Amino acid sequence: MWNFLIKINKRLVVVIPAMMAVGYLFGISVAPASLSILKSLILPFTFLMVYPMMVTLNIKALQEGIKNVRLQLFAQGINFLVVPFVAYGLGLIFFRDQPYMALGLLLASLLPTSGMTISWTGFAKGNLAAAVNMTVIGLTLGSLATPFYVQGLMGARVDVDLLLVVKQIVIIVFLPMLLGYLTRQVFLKKYGPQEFKKTWAPRFPSLSTVGVLGIVFVAIALKGRGISENPAILGGIFMPLLIIYGLNFGLSTVLGRMFFNRGDAIALVYGTVMRNLSIALAIAINAFGSKGADAALVIAVSYIIQVQSAAWYVKFSDRIFGPPVSAE
């Protein structure tokens, strides 16, 4: 079973669109009343999605973040002073009359870094230690800042219950983070660091993928009839997302080449372009009810662009930053 789940995790670029298609077909095939049953699956899928990620997250990396202050400042400056405001502006342009889709664009930009930040940095032979630091710091800051960004930027366009958003982030992020930390300590004590890293650490993200696919299925199923009535809506979602990811890759690449060595530059790119779409998706569904389905649709489409662009960037990283030192 584990090998099967790990294989799925490595093929998200194919599996997520396939699950979107299944969700769409299900959504247009069943009675609307039956779809309401799916909402009861949201919380279990959310926990299954977030908790396993937290088991592999090394919270102690927060203590190491101060060792490369300059790189962290650049990364978090891009993550919180640039990307969210670009997303907000594009939301005003592309989703002027669809505020909850604009909300999805904003949520997708507010939670930087995920386990894939570390994975892709490793594939491109970047600075893994810096990527781990960015993941922990970015996720923590993003979780704390999201309610206030949403209230400040979207409060006039969507119904924002600030306390509900905060409550959902506590349930979705910080409770699984605590449980994940405790689970990690138990496994480290029982199996040791080497065995945990070799055997157990690769398994937990595959469990998270099951939760991601479940949430994607629910989100698309709930919007299935709306998509069937207006299929052009998907094309309208791709355009602003392509612009955000294109600008993000471009800015991080230029700053990386100008101010950092190869390893740090690659960590900067993946530490700012990769978004924690799983948590963004969970917040959209859990904190905004049925209206959050519009936001969830935008975030679900983001998976396709993010995984594809990250994979292609690895292929060109040597041309952009030069070969790793060991290959020179």
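Which residues in α6 meet which residues in α12? Please keep in mind that the model is predicted. Two packed helices are described by the angle between their axes and the distance between the axes.

**Helices α6 and α12**

- On the α6 side, the residues that meet α12 are Arg70, Phe74, Ile78, Val82, Val83, Val86, Ala87, Leu90 and Phe94.
- Their partners in α12 are Met239, Pro240, Ile243, Ile244, Leu247, Asn248, Leu251, Ser252, Leu255 and Phe259.
- Sorted by class, this contact of α6 with α12 has 16 nonpolar, two polar and one charged residues.
- Helix α6 spans residues 69–94 and helix α12 spans residues 232–259, and their axes lie 10 Å apart.
- The angle between α6 and α12 is about 155°, and because angles over 145 degrees count as roughly antiparallel, α6 is roughly antiparallel to α12.
- The crossing of α6 past α12 is right-handed.

**Helices α4 and α10**

- Helix α4 covers residues 42–55 and helix α10 covers residues 162–200; the two pack at an angle of about 45°, with 7 Å between their axes.
- That angle makes α4 oblique to α10.
- Helix α4 passes α10 in a right-handed crossing.
- From α4, the contact draws on Thr46, Phe47, Val50, Tyr51, Met54 and Val55.
- From α10, the contact draws on Ile172, Val173, Pro176, Met177, Leu179, Gly180, Tyr181, Thr183, Arg184 and Phe196.
- Twelve nonpolar, three polar and one charged residues make up the contact of α4 with α10.

Methods:
Residues are numbered from 1 along each chain as its sequence is written. This is a predicted model: local features need pLDDT of at least 70, side-chain atom pairs count only at pLDDT 80 or more; totals for chains, interfaces and linings use all residues. Side-chain values use heavy atoms; hydrogens and water are left out. Axes are lines fitted to C-alpha atoms, for helices over the stretch in contact, and angles run from 0 to 180 degrees between N-to-C directions. Helices (H or I, at least four residues) and strands (E, at least two) are DSSP runs, numbered from the N terminus. Angles under 35 degrees count as roughly parallel, over 145 as roughly antiparallel, 65 to 115 as roughly perpendicular and the rest as oblique. A crossing is left-handed if the near helix is turned anticlockwise from the far one by less than a right angle, and right-handed if clockwise. Contact means heavy atoms within 4.5 Å. Ala, Val, Leu, Ile, Met, Phe, Trp, Tyr, Cys and Pro count as nonpolar, Asp, Glu, Lys and Arg as charged, and the others, Gly among them, as polar.
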